[in-house]
Amino acid sequence: MNERKEFIDVAKGIGIILVVLGHLDIDGQISREVIYSFHMPLFFVLSGVFAKTNIRFKEYFAKSFKTLYVPFFVFFIVDLILFYCVKLIGLQKALKFVDPEFLSFTGVKFLVSNAPLWFILALFIIRIVYYFIDKNLIVKYVTTVLCIGFVFAKGYFPDFAKNCIYVVAIPALAFYILGDLLKTQILNFDRTYEKHKKFILIFSTVLFILFVLSAHKNGSIDMKLYRYGNEALYFVNSVVGCFLCLLLSVLMAKVSCFKKILLFYGQNTIVILIAHYYITRKVFPCFMRHFDLADYLYHPITQIIMLTVTMIVMIPVILLANKYFYFLFGKKKPVSKLKSNTEAVIKK
């Protein structure tokens, strides 16, 4: 197995675990502030690394539609059905579902219970847009600047972005382009680390301390809600967080036990993204309130336990999804028999 493939998938594994942990946190916790400062940009950057537009648009659109919009739409419908079933049996208040509007599937007004679905729809939108701007390097640079500039200008129209995935996708596009522009550097990050190991470790230690302080200063942000705090700090923290996560993934790829676990989760991020939210935001809170343990819901020990339980539960969910429902993700055969995107890109 190619080492570069391993550390990239390990980075995805670390990222998706942070996503789950972030959904166990609450505004004001420093762990949430740090995680939310970069975890979604990380996935957009890594998606951009594997951007490939050298095919006909019809084929490109069909592939993007099958692998992104189909799972989004299917699980949007599942979310809608679950909501109305819960509402029908009178548990709506207990589970605190947000009433999803049917037009959420368009992305114009996104109000669904399974909130992480926004990422899949945003990535689909970005991929379609990127097909047309990937033909010219100058256009990519200009687009990146405009996307970042849009975030700084959004203060002039604070309600413009509310629940609109198309607007949320604008800054996300900047991170996607960044991943494509730095494709070579990212795929060879492990080699760079081996050449400059001591310097990178010392530099990263100092950088990590500054990063945590900066993320804490910027407070609770949320990409989906278009809440960025200080825009300059957000973009800096996002880039620094991605760098530190890649470094951590290189280190974890050298530890066999961690590598196997993180590879497994990293190669199944979409399944985890879709399935975990019901556990972290619906089942666990309801369970804690039922047993009068709500005061301990956001205690660090409770969160570690819930994170562990959630990731263990995800194992059979992933295995079942890969074996019986692979077609929902645009695959023609079980995922276990397919090569990952990382391996395919490197070999080409």
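Good morning. I begin with helix H15, in which Thr302, Gln303, Met306, Leu307, Thr310, Met311, Met314, Ile318, Ala321 and Asn322 are buried. Please keep in mind throughout that this is a predicted model. An α-helix has 3.6 residues a turn, so residues three or four places apart point the same way. Helix H15 covers residues 300-324, and at 1.5 Å a residue its 25 residues should span 36 Å; the end C-alpha atoms are 36 Å apart, which agrees.

Let me now turn to the protein as a whole. It contains 16 helices and zero strands. Of its 348 residues, 51% count as buried. Among contacts with a separation of 6 or more, 79% join residues 24 or more positions apart.

Which residues have the most contacts inside the largest nonpolar core? They are Phe44, Trp118, Phe119 and Met223, in a core of 100 residues. Helix H6, residues 117-133, gives the most to this core, with 13 residues. Phe44 itself touches Trp118, Phe119, Ala122, Leu123, Ile126, Ala172, Phe175, Tyr176 and Met223, leaving aside residues up to four places away in sequence.

Finally, the surface. The accessible surface of the protein comes to about 17,400 Å², and 69% of it belongs to carbon and sulfur atoms. Is Leu213 buried or exposed? Leu213 counts as exposed because its relative accessibility is 54%, and the cut-off for exposed is over 50%.

Thank you for your attention.

Definitions and conventions. Residues numbered from 1 in each chain as written. Predicted model: local features only at pLDDT ≥ 70, side-chain atom pairs only at ≥ 80, totals over all residues. Heavy atoms only, no water. Core = buried A, V, L, I, M, F, W, Y, C linked by side-chain atoms within 4.5 Å. Buried < 20%, exposed > 50% of the residue type's maximum accessible area, 1.4 Å probe, protein only. Helix = DSSP H or I, 4+ residues; strand = E, 2+ residues; numbered from the N terminus. Contact = heavy atoms within 4.5 Å. Areas by Shrake-Rupley, 256 points an atom, 1.4 Å probe, with all protein chains shown as cover. Expected span 1.5 Å × (residues − 1).
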